[in-house]
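Morning, everyone. Please take a look at the model on the screen, and then I'll walk you through its aromatic rings and its core.

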Amino acid sequence: MFPTKAQRITEYDASLYSLQRAADRRGYAIDDDDLWKEMNQMVTDYQFGKVRHGPQFRNKFFTLRRTLGKRMGY
């Protein structure tokens, strides 16, 4: 069975929260990072129906997450 939109948003929110906690542990100012802002905007746009979820959305989100993690030293 495919996840619902609400379940996907919960998954993305958990990913963002995890990344934010990691940044706090490292002392990284994540709120000032453009990739962080873009990731949050992506999830917000999906939540309010401005963009659709699909492979491109998922790949972009996790590519941004990986890149931001590398910036933080992970």
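Tyr-12, Tyr-46, Phe-57, Phe-61 and Phe-62 are linked into a cluster by ring pairs. Rings of Phe, Tyr and Trp (its six-membered ring) pair if their centres lie within 6.5 Å; planes under 30 degrees apart are stacked, over 60 edge-to-face, and the rest tilted.

Some ground rules. This is a predicted model: local features need pLDDT of at least 70, side-chain atom pairs count only at pLDDT 80 or more, and totals for chains, interfaces and linings use all residues. Residues are numbered from 1 along each chain as its sequence is written, and side-chain values use heavy atoms, with hydrogens and water left out.

Back to the rings. How many aromatic pairs does the structure hold? It holds 5. Take Tyr-12 and Phe-57: edge-to-face, 5.4 Å centre to centre, 80° between the planes. Tyr-12 sits in helix H1 and Phe-57 in helix H3, so this pair ties together parts 45 residues apart in sequence. Helices here are DSSP runs (H or I, at least four residues), numbered from the N terminus.

Buried or exposed? Tyr-12 counts as buried, at 0% relative accessibility. Phe-57 is buried too, at 8% relative accessible area. The cut-offs: buried is under 20% relative accessible area, exposed over 50%, partly exposed in between (1.4 Å probe, protein chains only).

Next, Tyr-46 and Phe-57. That pair is tilted, 5.6 Å centre to centre, with 45° between the planes. Tyr-46 is in helix H2 and Phe-57 in helix H3, 11 residues apart.

Now the helix packing. The axes of H1 and H3 come within 11 Å and cross at roughly 10°. Axes are lines fitted to C-alpha atoms, for helices over the stretch in contact, and angles run from 0 to 180 degrees between N-to-C directions. H1 and H3 are therefore roughly parallel, a label for angles under 35 degrees. Contact (heavy atoms within 4.5 Å) involves residues including Tyr-12, Leu-16 and Leu-19 of H1 and Phe-57, Phe-61 and Leu-68 of H3.

Last, the core. A nonpolar core is a set of buried Ala, Val, Leu, Ile, Met, Phe, Trp, Tyr and Cys residues joined through side-chain atoms within 4.5 Å. The largest has 18 residues; Leu-19, Ile-30, Met-39, Phe-61 and Leu-68 touch the most other members. Helices H1 (5-26), H2 (34-47) and H3 (55-72) each give two or more residues to this core.

How values were computed:
Parallel < 35°, antiparallel > 145°, perpendicular 65-115°, else oblique.
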